[in-house]
Amino acid sequence: MILTTGQPFWLTERGLVRYPVLAQDEQCDAVIVGGGISGVMLGYYLTQAGLRAVLLEERYVGGGSTSASTAMLQYELDENLVDLRKKVGIPRANEAYLANLYGVHGVARLCQQELPQDCSLRYCHSLYLASSASDVASLEEEGDARRGIGIEAEFLGEAELLRRFQLKSPAALYSADTAEVNPYELTHTLLNQAQAAGLRVYERTAAQRYEVSPDGQRVTVHTAGGHTVQAGHVVVCTGFAAADLVPKDIVNLHSTYVVLSQPGQADALPTGDAQLWETARPYLYTRRTPDGRIMVGGRDEVIKQPTFQNAMLETKADKLEKQFRELFAQPIAFTRDFVWAGVYGETADSLPYIGQHPDFPRAWFALGYGGNGTTYSLLAAEIIRDALTGRQHRYAGTFGFEGR
């Protein structure tokens, strides 16, 4: 499955980090299938808790959707809190927003306090823009709902947006509790720490199927290379990339496109450190990089198969640049440097699936679909770690399969 195309910035910046192929049978407490940020985060948390773990990646660790991620760490979900309440109920919707808020600060704490380097983690702000005048009333209602559960969100009108940020939008919600990180650097920094604690990592090793022992206490994962990993549990962190290990019909595939400017051009933006995104669906989204580049993503589209036409990248990039410039009342300098596309999954309620499924005994799932993959990864790692060590995480029931 092709998960990216073009020239993902993070991968180009650091270069491909390599890990060995599985060449022998293994035994452990938990086998993790998937070497993106979700699987790696879980490997870190499990080994820190004293569990023996093996991680299997079909291609290259961190080289799939993780390398194409913009890694915008927001408490805000693809589904507004007001709308999410209608889909999953008020308690679950509130908990989902609070969980993601917790996830943002959890990733920041991990980078700034636990790891030997901060992986370019930086706190910033978010501007959630009304795409049209008809969205203003619902945006005001959304701000009230967020503040009602303790999340700060300042409502800004058209005149104030123009005065403070030179933005041509009828309204916006301005929030803190937002951050940015280098997802590829975070992936391999976590792996280095996890390997030091005993995690065994194998790439170019496809997990094809797993079976449960007759007594129901162990699983055996069979790989394409003919080797096996026996464990107490299997944890699937592959999203849609391992069809035989993932419950069917829970996600739709989308492609998203990203264009990146030359270094330093973000320093002149009138929006300062704020990430931008909008009420329209699909939405435009932006962030800046540590070297002052402007990263603009969007033009998403539903796809049936993860295939790309590279010739389309330039067209998408042209439209993204034009759409970005049109947000502002003043000319914005943007000189293109990188263009890429990636695949992501979206669920009906925009929430991830984290937990066990009744059709898959001794299996756990960390499927961080949607636009909040990095924060979902941290939540999944904590929830599953706690479950495997006999504890109950506060958000264990928020993202499960039950009732969805």
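Biologist: How many salt bridges does the count come to?

Modeller: The count comes to 27 salt bridges. The model is a predicted one.

Biologist: What makes Arg147 and Asp144 a salt bridge?

Modeller: The closest N and O atoms of Arg147 and Asp144 are 2.7 Å apart. The cut-off is 4 Å, so the pair counts as a salt bridge.

Biologist: Where do Arg147 and Asp144 sit in relation to one another?

Modeller: They belong to helix H6 (residues 136-148) and are 3 residues apart, which means a separation of about one helical turn.

Biologist: Why is Arg147 called partly exposed?

Modeller: Its relative accessible area is 35%.

Biologist: Are Glu154 and Arg164 buried or exposed, or what lies in between?

Modeller: Glu154 has a relative accessible area of 36%, and Arg164 has 31% relative accessibility. Both are partly exposed, because these values lie between 20% and 50%.

Biologist: Which salt bridge does Asp386 form, and is Asp386 buried or exposed?

Modeller: Asp386 forms a salt bridge with Arg385, with the closest N and O atoms 3.0 Å apart. Both Asp386 and Arg385 are buried.

Biologist: Which residues are linked in a network of salt bridges?

Modeller: The network links Glu314, Asp318, Glu321, Arg325 and Arg336.

Biologist: Why does Thr374 count as buried?

Modeller: Thr374 has 6% relative accessibility. Buried means under 20%, so Thr374 is buried. Thr374 is placed in helix H10 (residues 373-388). Leaving aside residues up to four places away in sequence, Thr374 touches Met41, Ser69, Ala71, Leu73, Val107 and Leu186.

Biologist: How do you know that strands S2 and S12 pair?

Modeller: Strand S2 (residues 26-27) and strand S12 (residues 228-231) run parallel and are joined by 2 bridges. Pairing needs at least two bridges, so these strands pair. Gln27 has Gln230 as its bridge partner in S12.

Biologist: What lies between S11 and S12 in their hairpin?

Modeller: There are 4 residues between them, and Gly226 in the turn has a positive phi of about 90°. Strand S11 (residues 219-223) pairs with S12 in the antiparallel sense over 4 bridges. Gln230 in S12 is the bridge partner of Thr220.

Terms used. Residues are numbered from 1 along each chain as its sequence is written. This is a predicted model: local features need pLDDT of at least 70, side-chain atom pairs count only at pLDDT 80 or more; totals for chains, interfaces and linings use all residues. Side-chain values use heavy atoms; hydrogens and water are left out. Buried means under 20% relative accessible area, exposed over 50%, partly exposed in between (1.4 Å probe, protein chains only). Contact means heavy atoms within 4.5 Å. A salt bridge is a side-chain nitrogen of Lys or Arg within 4 Å of a carboxyl oxygen of Asp or Glu.
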